[in-house]
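Look at the sequence and the structure shown here. The text that follows goes through a sheet, then the helices.

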Amino acid sequence: RIAYVNGTYQPHNNATVHIEDRGFQFADGVYEVWSVFDGKLADFEGHLSRLARSLTELRIPIPMTAQALGQVLKETIRRNRVRNGIVYLQVTRGTAPRDHAFPQDTPPSVVVTAKSLDLRKGEALAAKGAAGVTHPDIRWGRCDIKTVGLLPNALAKQAARERGAYEAILFDEMGMVTEGSSTNAWIVDENGRLRTRDTQANILRGITRAAILKLVEAEGIELDERAFSVEEAKRAREVFVTAASSFVMPIVSLDGTRIGDGKPGPIATRLREVYLEQAR
Ligand code: PDD
């Protein structure tokens, strides 16, 4: 495998950044994940504009033009012969002697990796439906910025794995669902209404979420962009999560409670189908 690191392509095994990189010391950096689907980057522009926003919010300089970045992503995909999989981009504030305050005139560090994923595995899981568990949301107040400060997310995902679940669904102090540890969360509630939390809340503005919202409108599905509780999720007809890494993944049990009839529901199934159709 080959990785892009600060202007050069290196063997993945010994590709490195400096020990005083601010990503390493302070989680002072941002990232994006694109899915590669049949050789194509899904939602290319959407992820790019969120990257620009994350960098701007943290006052990290934009390291290269969108066009140059597109070239690097495509070249990394090509060199790794990825037809289906993901490409990961990380930009940190760069390498400087350790000091909490920002360094002056330090170029950002840029890393890109790509890996193949077996599409059939994802399809098999989506056909069966995945398990979810709930977990308190203990993250900071700027979850709209896609930073590499993912320790609370990692703790939640690990708790899910230890209970044999695919995703941790996070909830705030009011018992309302915020999002998944690496996904946005949706339900089809008892009344058959599709719901997902509004982006005024402290959550990531998922690019897959935005793409699905457009499809929801095109399909004429009724939508209520409003918070729902863990209890409502457990009583819901359908629960599903969305992300670049999993598209639309039906959740058929939550903390061991069966959702609906315990099978992927018609809305999640349809949205996955049309999302993949338009991404192709
Ligand atoms: N995660 N919420 C969180 C906390 C996320 O980390 C992600 C993405 C999403 C979904 O966003 P999008 O649809 O833009 O992928 C929501 C990526 C895939 C990751 O951390 O690997």
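**The sheet and its helices**

Strand E3 (residues 29–37) pairs with E4 in the antiparallel sense, over two bridges. Strands count as paired if DSSP finds at least two bridges between them, and strands (E, at least two residues) and helices (H or I, at least four) are DSSP runs numbered from the N terminus. The bridge partner of Val 36 is Leu 41 in E4.

This is a predicted model, in which local features need pLDDT of at least 70, side-chain atom pairs count only at pLDDT 80 or more, and totals for chains, interfaces and linings use all residues. Residues are numbered from 1 along each chain as its sequence is written.

E3 and E4 belong to an open sheet of six strands, with antiparallel pairing and the order E2-E1-E6-E5-E3-E4. Strand E2 (8–11) and strand E4 (40–41) are at the edges with a single partner strand each, so one side of each has no neighbour in the sheet. Helix H2 (residues 44–58) lies across E3, E4 and strand E5 (85–92) and runs at about 175° to E3. Such angles run from 0 to 180 degrees between N-to-C directions, with axes fitted to C-alpha atoms, for helices over the stretch in contact; contact means C-beta atoms, placed from the backbone, within 7 Å.

Which residues of H5 are buried? They are Asn 153, Ala 156 and Ala 160, where buried means 20 or more other C-beta atoms within 10 Å of the residue's own, exposed 12 or fewer, and partly exposed in between. What covers these buried residues includes strand E7 (130–136) and strand E8 (167–171). The face of H5 turned away from its buried side carries the exposed residues Leu 151, Ala 154 and Glu 162.

Definitions and conventions:
Two residues are in contact if their C-beta atoms, placed from the backbone, lie within 7 Å.
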